[in-house]
Structures are given as structure tokens and as C-alpha cells.
Amino acid sequence: MRCEQVRELLSPYIDQMTSEKENQAIEAHLVQCLECRRELEQLKLLCSMLNDLESPQVPENLAQDIHRRLREEKTKILAFREARRPKKSGWIAAAIAGLALAVGIGVSSLLPVGSIMALWQDKTAEQDAKPKVAIEKILDAARIAMNTDNKGADDSIGGNNSASNQKGDNKPAVTGQTGKLNAPEKNSSSPVNVAENPIKPVIVQEYATRIKTDNLNESVNKVIQIADVSGLEYNLSQGKTVQGLQASNTKEVTFKVEAAQLEGVLAKLESAGQVASPVENKRELTAQYQQVQDKINTLDKQVNALEEKPGRTAEEEAELADLKADLNNCCVAKENLDKEASKVTLKILLFEEVNH
Amino acid sequence: MIAEEQLVKKSLQGDTQAFEELVLIHQNKVYKLAYRYMGNEEDAYDMTQEAFLKAYRSLRSFKGDSSFGTWLYRVTTNVCLDELRRRKRRIFPVSLDEPLATKEGDEVEKEIADTSPTADILYEQKEFSQYIQNLLNDMKPEHKTAIVLRDVMELSYEEIAEVLNCSIGTVKSRISRARNVLRKKMDDRELLP
């Protein structure tokens, strides 16, 4: 072997990444070539110098700062997402969005997602339940409430997504779009890949029950106590006008329980009043989940394509930033879908019999 | 490591605490890597945070076909290279320290005045480390990453291939080129026997 050939192999030779054949040739050459021997020694020395470089002192605050930024990340996305929920009606919705944003920002990430949804629901329920004096209106509202109840009124991330799925609307509610609340819709440039990687069904178990009581507040307190004692996530919201019951006489508490705990919890609830047998209500999140996953895959590809590109223009940089933000929001959305699916939801409607 | 698998699994399910445990496990190494890429503490600090944030956001893209640490190094490498590219594109008045690109594509320091240390000054480890770091700073990105990952972080060729998303053959040649660039420079200054 000639010097040039040997020198090309010296580096992998040091790392034992040369073949037996190559080793033999190299070593045979080295025996009679001073220059190549010298170069080998220089390389070895260089490698050990690099290896001996002191590890830099890691600043103490690093873990703390990372912790803080992770929490900020979570809270920021939460608030942003809440503000971008599908609007029900013009100015009311805008006001609610503003409130949700303010609440979201003020809230620590320890607050379960459910309670923010409850706050949201609170506001809209109040608006809906406002002065409807005529009996027809009460019944109308009850009918509507019953319908949304069956679909899963717990305003999930998707809302009324099942309709928009078919329309190819290309606007799953989870899609974050950068910019302000009223930014014009920006369709992603490539169509969402439909179910490239089909996923297994994502189902949320939901049970609904009623508790009849003589003293609403007392019972609500008991129910909350049960949640505390059992270590359950819960949230409390104003009641709904439902099946002839006035909102003012009802309150709703929603629990998140492990499937195994359900029986035990229902038993405990007996102490708060007359408990109706729970009605099962499976909500399928698979379509939503698939949609988010597909969107993530598409965005990921687009982001990678742009990042691999050596020289990006200003527009491309902006686009890249937008794509990354979208991707971000999708990931969080998926996170939350996962969370939703992992526990069983128990909705407890407490109501006080009104005796005229 | 089985415990780490659990942490990754939990993190994927949204458990931020689990992710933060992963941060604790890997932060020193990530910082070390970022430091050698960026050349100074401040940038290393910032880039380490960015790397972990990005890892957090794109966790679902971790397929488990490499170790979590290797994947983290990949994220860190990309984050740092992105930042370095970004800085290069800014139009700054030419600084004295910025290297010129020669025809061969190697970057050499501008010879305003030869202020680089001679052998006797480099007895102090600190000065020597700084000298090496300066050499690294001047390297082309593909060389710098290869040599840092191999000789500073001591990754295997396979792991480096995963981090850089290239073939082992490419890793071999990049390491070889990088080492020779450094060797030549040091040899020119008679810092090697």
C-alpha cells in the first residue's frame, strides 16, 4: 500500500473501523514508513487531547430554567387553545374567548384540563339558560341540552367534529394557527394525508348519573368530599336545564376515575342522595385522533423538508416557524386526547326536588 | 435502561414530570455537546434549553429505534446547527475573528496578526482548551459535528450515523477529514511532535 492510501485509513484504523485485510496492509506499511508512523502518532495524540478536554461546568440553574420553560410551554398552549375554540356566536363568543385566554394564562398547569373546560361550559351554559320564560323555550333548551348530552356535552377538543370530518373541511378544531384570535384561516399547503398509519380505536368511557337530594349544597359538598378522599380529579359546574329541571336546582360534578374505581365510587355516592343507575356513553375519539396524527405526520414532513434545506429565504423561515407552531399545537392536542382517553369520566348531576 | 424506557413512555403520555427526570439524566451531556458546538457558555446554556424544549414538543417523533440519549443528541445537533446557520446569514460588519473560506472550502483564520499561541504558552490547560475550541469554532459544520461526537462525546460510529442521519461510510470520511484539518493546523504551529 502507498502512503496516500494508508493515510486515508489511519483515522478509522485508530477507531478499529478498518477490516482485517486493511489492518494487515496498514501495519505492513507502517513498519517501513516513518512519515506515516509519525502521522498516526499525531492523530492519536490529537484524539486524546480532544478526549481530555475538560467537561464544562454545568450552570446550577439549568434544570430550574428548563423546568420553568416546560411549564410555560404547557400553560401557553392551553390558553392559546382555549381561545381558539369554535365560536358559537359573535360577540359573546369573543368575550368568552377573551375570558378563557385570561383564565388560561393565569392558571398554573396543575389545574386539570377538565376544569378549564368546565369554566368554558359555565359561561356558555349561563348564556344559553338566560331569560327563557315561555315553557316552549324551556323544553327547547332541554331538548338541545339532552342532544348535546348524548353526544358528549363535555366540550371536548373536537366539539362537533364528526360533521366536519366528512366535509373534508380540513379544519379540525385542534389545529393551531399562528397569530391572533381573528387571524384569517390559513390552509396548510398540502392536504392532510388520510390514515397513512391507521391507529387503534381511541375511546373515552363516559358514564352519567343523577343524584336526587333534599339539600343540593350539602350533597354537592359530600360528593366533593368523596372525590378528595378517593384522590380523584373533579370539577364542579353550574347545573343545566334538563328534563324539566331548572338550572338553579342542579349542579354537576364531573369525576375522572380509573375504570376499576368506578363501582366503589358509585357506592360511596349513595351517601349523597338517591343515585340513579349510570348510563354509559362511549365517545369515540378515534377519528379525531387519526386526524391529529395525520396532521402531525404531514407537518413533520414539511418541517423536515424545510429544515434540511441549506439556504432558506425569509418567507421560508416564516413558513417554517408557522409550521413548527402548528406542529406544536397538534402535539399538545394529541397529548390531551391521550389524557382524555386514559380515564373514565363520571358525570354526576345533582338535583334538588322543588316542591311548589 | 429499563427505567429510562418507562420515563419515555410516561413522557409520551403527557407526564411532564417523567420528562423532567429524563432532562436530569441527560442535561450534562447535552450541555457538553452544545458547548463544543457553540463555543461558549451562554450559547450552550440557551441551546441546551432549546434542545430539551424541542425534544419535549417533538417527543412523538422518537421511534425508539435508537437510544433516547442518541435521539437527544440528534435534536441538540440540529438545534445548534440551525442557530449557527442563522447567525451566519445575518449581515454583520465583518469581524476580525470570522474565518475566510478558501478555494478548498477549508476555513482559515484571517492573518491580521498572528496572535495564536505558541507551544510554550499552551501549558495551561485552560488556554489549551480555548485554543482547541477556537479551532473547532472555525470548522465546517459537518466536520465539527463528526469530530465532537466521536472524540469529545465518544459515540460509536453507528451512533454518530444515527445522530447525523447518514451512512457509516460518511461518518468515517467526515471524522477522517475533520481530524486531518485539526492535525494540519496544529502541525503547522508545531504543536504536535
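This is a predicted model: local features need pLDDT of at least 70, side-chain atom pairs count only at pLDDT 80 or more; totals for chains, interfaces and linings use all residues.
Chain B is considered at the level of its overall make-up. Eight helices and two strands are found in this chain. Read from the N terminus, the order of elements is α-α-α-α-β-β-α-α-α-α. Chain B has 193 residues, and 50% of them are buried.

In chain A, strand S4 spans residues 250-257. Eight of its eight residues are buried, so the strand is largely enclosed by the rest of the structure. The cover extends to both faces of S4(A). On one side, A:Thr250, A:Glu252, A:Thr254 and A:Lys256 are buried.

S4(A) pairs with strand S3 of chain A, residues 233-238. The sense is antiparallel, and six bridges are involved. Within this pairing, A:Val253 of S4(A) stands opposite A:Leu236. These two residues are 17 positions apart in sequence. Their C-alpha atoms are 4.5 Å apart in space. A:Val253 has a relative accessibility of 0% and therefore counts as buried; the cut-off for this class is under 20%.

S4(A) also pairs with strand S8 of chain A, residues 344-352. This pairing is antiparallel too and runs over eight bridges. A:Glu252 has A:Leu349 in S8(A) as its bridge partner.

A:Tyr207 is placed opposite A:Leu346 of S8(A). S2(A) is also joined to strand S6 of chain A, residues 279-280. Two bridges make this link, and the strands run antiparallel. A:Ala208 is bridged to A:Val279 in S6(A). Strand S5 of chain A, residues 274-275, is another partner of S2(A). The two pair in the antiparallel sense over two bridges. In S5(A), A:Gln274 is the bridge partner of A:Lys212.

Charged contacts were examined next. Over all chains, the structure holds 23 salt bridges. One of them involves the side chains of A:Arg38 and B:Asp187, with an N to O distance of 3.5 Å. A:Arg38 lies in helix H3 of chain A, residues 34-52, and B:Asp187 in helix H8 of chain B, residues 168-188, so this pair joins two chains. A:Arg38 is partly exposed, at 36% relative accessibility. B:Asp187 is also partly exposed, with a relative accessible area of 22%.

The side chains of A:Glu307 and B:Lys54 form another salt bridge, at 3.7 Å from N to O. A:Glu307 belongs to helix H11 of chain A, residues 286-308, whereas B:Lys54 belongs to helix H3 of chain B, residues 41-57, so this contact too joins two chains. A:Glu307 is buried, its relative accessible area being 10%. B:Lys54 counts as partly exposed at 22% relative accessibility.

Within chain B, B:Asp151 forms a salt bridge with B:Arg179. The closest N and O atoms are 3.0 Å apart. B:Asp151 sits in helix H6 of chain B, residues 141-152, and B:Arg179 in helix H8 of chain B, so the pair ties together parts that are 28 residues apart in sequence. Both B:Asp151 and B:Arg179 are buried. They also belong to a network of salt bridges with shared partners. Its members are A:Asp15, B:Arg150, B:Asp151 and B:Arg179.

On the surface, B:Asp65, B:Glu158, B:Glu159 and B:Glu162 gather in a patch of negative charge. B:Glu158 is part of helix H7 of chain B, residues 157-164. B:Glu158 has a relative accessible area of 43% and is therefore partly exposed.

Notes: Residues are numbered from 1 along each chain as its sequence is written. Chains are lettered from A and ligands numbered from 1 in the order in which they are written. Side-chain values use heavy atoms; hydrogens and water are left out. Patches are made of residues with over 30% relative accessible area and no salt bridge: like charges are joined within 9 Å, nonpolar side chains (Val, Leu, Ile, Met, Phe, Trp, Tyr) within 5 Å. Accessible areas come from the Shrake-Rupley method with a 1.4 Å probe; for residues, only the protein chains shown count as cover. A salt bridge is a side-chain nitrogen of Lys or Arg within 4 Å of a carboxyl oxygen of Asp or Glu. Lys and Arg count as positive and Asp and Glu as negative; His and the chain ends are not counted. The place of a charge is taken as NZ of Lys, CZ of Arg, CG of Asp or CD of Glu. Helices (H or I, at least four residues) and strands (E, at least two) are DSSP runs, numbered from the N terminus. Buried means under 20% relative accessible area, exposed over 50%, partly exposed in between (1.4 Å probe, protein chains only). Two strands pair if DSSP finds at least two bridges between them.
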